Structures are given as C-alpha cells and as structure tokens.
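Visitor: Good morning. Could you please take me through this model, one part at a time?

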Amino acid sequence: MFKPFGIIPPVVTPFTSDGKVDEKAYRKMISHLIEDGVHGIFPLGTTGEFYAFDKAEVKNILEIAKDEVHGRVPIYAGASHITTRGTIELAHIAEEVGYDAVSVLTPMFVSQTQDELYEFYKTVAANTGLPLIMYNNKPKTNVTIAPDTVARLAQIKNIIGVKDSTGDFTNSAEYLRLTKDIEDFSVLIGRDTLIFAGLCQGAVGSIASCANVAPRLVADIYDKFTAGDLEGAKAAQFKLNPLRIACNMGTFPEVIKEALELEGYPVGKCLSPIGPLTSEQRDKLSKILKDMNLIK
C-alpha cells in the first residue's frame, strides 16, 4: 500500500495577468521544489486555489504537473468538491492521469454530521482505486472530521491517511493516538508551525504550504528529524514559524504568492476576489523573508 511521507508542498497555481494558468511558471516551480528537496508534489490543494477550476482545467493542471515531476517524487492530486459525485469525478480524473494518491477535503458549505462525513469518505473510497487521504481544514470549511470518525474511516483499506489543518494539536494528537495500531494509516500535519511537534508524536510528514516559499528549510525539519538531529529539526521549525504566521496578513494564499514573487518566481496574484497585500504588509513580509535569508 502506498505510504505518504516527508514534506509535500501543495503547489501554488501560477496565473498570467489575464487569469490563465501559466504553464511555464508552473513547471519552473515544480522543478525548483523537487531540486530543493521536497518529498512529494501536490497540485490543486487549498494553496493551489483548487476551487477555481472546471474539470477540463483540473485535468490539464494534473497532466502538466505529472509530466514535470517525471517520476522524481510521489504525486498527490487534490480532489475536493461540495458533493460526493463531484468529488468522485475529480478522483477519476486523477486516476486517469496516473496519480499516486488523492487528497479529499470535507465538503464545503454543507454542514455535515459525522455520519454523513463517514458515508462521504466511504463512498468516495469505494469509487476510486487510488489511495485516499482525508483532509480536515475546519478553519476554511467550518466542518471537522472528529477523531473517532477518522479512526472508523481508517479501517477502510484505501483510506490511507488524514491531513489535519485545524491548527488544533490536541485534534492531531488524537488522530495519532486512535490510529497508531492501524497498519498502513498515516497522519500528516497541515499547519506548518506544528510539523516538528507532529513528527515527535508519530506523524509521517506534512502537507506544508510554506514549502512553496522555503522548500529546503521545511524539508530540513523532516530530514533532520529522521536523521536523529532533533535540535536541528526544532531550529528549522522555529526559523519557519514567522513565515507561516505572516500568512494571516492576507487572504490565503496571497501571502504565499507574494512571497514567491519577492523571491523571483513569477506566479502572479491569486484570482479575484482575493486582493493583494497592502504596501505595509508587503514590507513586513519582505523583512521576514530577509530574516530567513530567502531574499537579500
């Protein structure tokens, strides 16, 4: 069974000035991330503005990313939709293109019960041959997958993990505790400030948005930890934290995109209605990047 591991950036989707996907910039980003040591590539996550695309665009983005990765690292596809049938359609696209796994967010807007969430993930898993990673992002969806529900779903063969972006480490720790004896099930941290803490309690890695901006630094948290250098891993985590906290300055993921622009990667702006940072916010971001030695 496929097992996720390491630092997996949910890659930003670069746009041209007229709002089209910028394939050249996208390929450049993906190769840059791999060359700087990330352990996987994940198109069409929240950081990739997954909600902005129709099915034809989804397929095109997944094909470009797979071609550019060219087998160098595992590839994970976002398959997130407000309905069960829509999610299954996206999972089928990822399967057709040839991805290693899919990440499936809880449906947005609809306030599901835990039983409805269980049936949602069970049904999606039954309708794809791909390994499935559940994705809990309660701050964005106002829906959470309770630890008991995760433990139930972890019994389903091709549900292989959960990403926790709640920022609630008690929740992450409960995911870890309740699934620790379930073979072939993994917990991934989705809040970049908690990667080291998660690894200490048994998480296998992180789907980390800030790895777009600081791939080598974020990879160091995992690489140093697995090499037994706990102090080095913790130091890398502390160095990263100001960048993740700065993401609260703008509507996500605008700070990630503007940081990349400051680094010289032409990824463009987020799609409207997300607006740019103010000049004051951009100055603060620039200072953080300088303090991290990411720009001069």
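**Helices and sheet**

Guide: Let us begin with two helices: E23, Y26, R27, I30, S31 and I34 in α1 meet I61, I64, A65, D67, E68 and V69 in α2. Contact here means heavy atoms within 4.5 Å. The helices (H or I, at least four residues) and strands (E, at least two) are DSSP runs, numbered from the N terminus. By class, the residues of the contact of α1 with α2 divide into seven nonpolar, one polar and four charged. Ala, Val, Leu, Ile, Met, Phe, Trp, Tyr, Cys and Pro count as nonpolar, Asp, Glu, Lys and Arg as charged, and the others, Gly among them, as polar.

Visitor: Before we go on, what kind of model is this?

Guide: This is a predicted model, in which local features need pLDDT of at least 70 and side-chain atom pairs count only at pLDDT 80 or more, while totals for chains, interfaces and linings use all residues. Residues are numbered from 1 along each chain as its sequence is written, and side-chain values use heavy atoms, with hydrogens and water left out.

Visitor: Thanks. At roughly what angle do the axes of α1 and α2 cross?

Guide: The axes of α1 (residues 23–35) and α2 (residues 55–69) cross at roughly 45° and come within 9 Å. Axes are lines fitted to C-alpha atoms, for helices over the stretch in contact, with angles from 0 to 180 degrees between N-to-C directions. α1 and α2 are therefore oblique to each other; angles under 35 degrees count as roughly parallel, over 145 as roughly antiparallel, 65 to 115 as roughly perpendicular and the rest as oblique.

Visitor: And is the crossing of α1 and α2 left-handed or right-handed?

Guide: α1 and α2 have a right-handed crossing. A crossing is left-handed if the near helix is turned anticlockwise from the far one by less than a right angle, and right-handed if clockwise.

Visitor: What about α3 and α4: how do they lie?

Guide: The axes of α3 (residues 84–97) and α4 (residues 114–126) come within 10 Å and cross at roughly 30°. They are therefore roughly parallel to each other, and α3 passes α4 in a right-handed crossing. From α3, the residues T84, T87 and I88 make the contact, and from α4, F120, T123 and V124. The contact of α3 with α4 has three nonpolar, three polar and no charged residues.

Visitor: Which residues of α10 and α12 meet?

Guide: P242, L243 and A246 in α10 meet L285, I288 and L289 in α12. The axes of α10 and α12 (residues 279–291) cross at roughly 165° and come within 10 Å. That makes α10 roughly antiparallel to α12, and their crossing is left-handed. The contact of α10 with α12 has six nonpolar residues, with no polar and no charged ones.

Visitor: Is E231 buried or exposed?

Guide: E231 counts as exposed at 55% relative accessibility; buried means under 20% relative accessible area, exposed over 50%, and partly exposed in between (1.4 Å probe, protein chains only). E231 is found in α10 (residues 230–246). From C-alpha to C-alpha, E231 and I221 are 9.7 Å apart in space, and they are 10 residues apart in sequence.

Visitor: New topic: in what order do the strands of the sheet run?

Guide: Seven strands form an open sheet with parallel pairing, in the order β1-β7-β6-β5-β4-β3-β2. Two strands pair if DSSP finds at least two bridges between them. β1 (6–8) and β2 (76–78) are the edge strands, each pairing on one side only. From one strand to the next, the twist averages 25°. α7 (residues 169–179) packs on the sheet and touches β4 (132–136), β5 (159–164) and β6 (186–189); the direction of α7 makes about 165° with that of β6.

Visitor: How many bridges join β2 and β3?

Guide: β2 pairs with β3 (residues 101–105) over three bridges, in the parallel sense. G78 stands opposite S103 in β3.

Visitor: How many residues of β5 are buried?

Guide: Six of the six residues of β5 are buried, so the strand is largely enclosed by the rest of the structure. β5 pairs in the parallel sense with β4 over five bridges, where N136 stands opposite D164 in β5. β5 also pairs in the parallel sense with β6, over four bridges. There, V162 stands opposite V187 in β6, and the bridge partner of G161 is S186.

Visitor: Which way do the residues of β6 point?

Guide: S186 and L188 point one way from β6, V187 and I189 point the other way, and all are buried.
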